[in-house]
Amino acid sequence: MRSSAPAAGWHCWRPSTNRGRGELLNDSARGAVLRAMRDYTPADLGQSGVMWTRASARALIRLVCGVSMTEQGVGKWLRRHGFTPQRPARRSYQHQDEQVRAWLEEEYPAIAARARQEKAELVWADQCGLRSDTAPPGRSWAPAGHTPLVRVNGRRFKVNIMPAVASRGALWFTVFPGTFTAKVFCAFLDRLATQARRKVPVIVDRHPAHRSKAVKEWLAENAGRIELHLMPGYTPELNPDELLTPI
């Protein structure tokens, strides 16, 4: 991880101009269908659901182009033109694209530049809860039809964790019971600055504890050690520390 602005998740995309064998749609019609699937959900275009399936794509092709295809044919056609079935990312309705763009293009680069100038340790922080009976996240290879098992503690209990990851890969964390409060946060910031042995700009979300009066007073008293920066609201995808906090 480097001190460059995190990706906003948007990529340039153009519909393929390759007309494969048996292509039933001309370039204009094909581009219109693929752009509609890229920019809208089925519900936006008068269908049901928010996920593009082969059935909904088939209905769109029939509606826009008057061409009937089988669902199997639709799947092959989509792959031919660069579409693959993917697990969608979640984004809050309150997500403000303009604020995110301004933060990525203006505020974050200024924070990173200042950290480099001051030789400070720029970090990202977050919180989550961990349960004793939660299996590790991810997937495990196993014979088909035999779901792999992970042995967990039969006694259920929950703790909270707050990690902070630096742009160069260093990691600090604390585990605590009970609720995440301003007091817990200030104690974490104090230990973070002590262990980092330099000034630490910390980037966090807009959790109420991060914006509390107690935290603001603590920051004023420790301005030479910790500098707190808040991300735009409803943007967990901007925080690389999210990758360390399984839900």
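In which helix is the place of Phe 185? I located Phe 185 in helix H5, residues 182–196, helices being DSSP runs of H or I of at least four residues, numbered from the N terminus.

I noted that the model is predicted, that local features need pLDDT of at least 70 and side-chain atom pairs pLDDT 80 or more, and that totals for chains, interfaces and linings use all residues. Residues are numbered from 1 along each chain as its sequence is written, and side-chain values use heavy atoms, without hydrogens and water.

**Entry: Phe 185**

I found Phe 185 buried, at a relative accessible area of 0% (buried means under 20%, exposed over 50%, with a 1.4 Å probe and protein chains only). Leaving out residues up to four places away in sequence, I listed its contacts (heavy atoms within 4.5 Å), among them Met 162, Val 204 and Leu 228. His 210 also touches Phe 185; the two are 25 residues apart in sequence and 7.5 Å apart from C-alpha to C-alpha.

**Entry: H5 and H6**

I looked up the packing of H5 against helix H6 (residues 213–221) and read an angle of about 25°, with the axes 9 Å apart. The two helices are therefore roughly parallel, a term for angles under 35 degrees. From H5 the contact includes Phe 185 and Leu 189, and from H6 Val 215 and Trp 218.

**Entry: H3**

In helix H3 (residues 71–80), I found Val 74, Gly 75, Trp 77 and Leu 78 buried. Seen down the axis, these fall within an arc of 165°, so they line one face of H3. The face turned away carries the exposed Gln 72, Lys 76 and Arg 79.

Notes: Arc of directions from axis to C-beta. Axes fitted to C-alpha atoms, helices over the stretch in contact; angles between N-to-C directions. Parallel < 35°, antiparallel > 145°, perpendicular 65-115°, else oblique.
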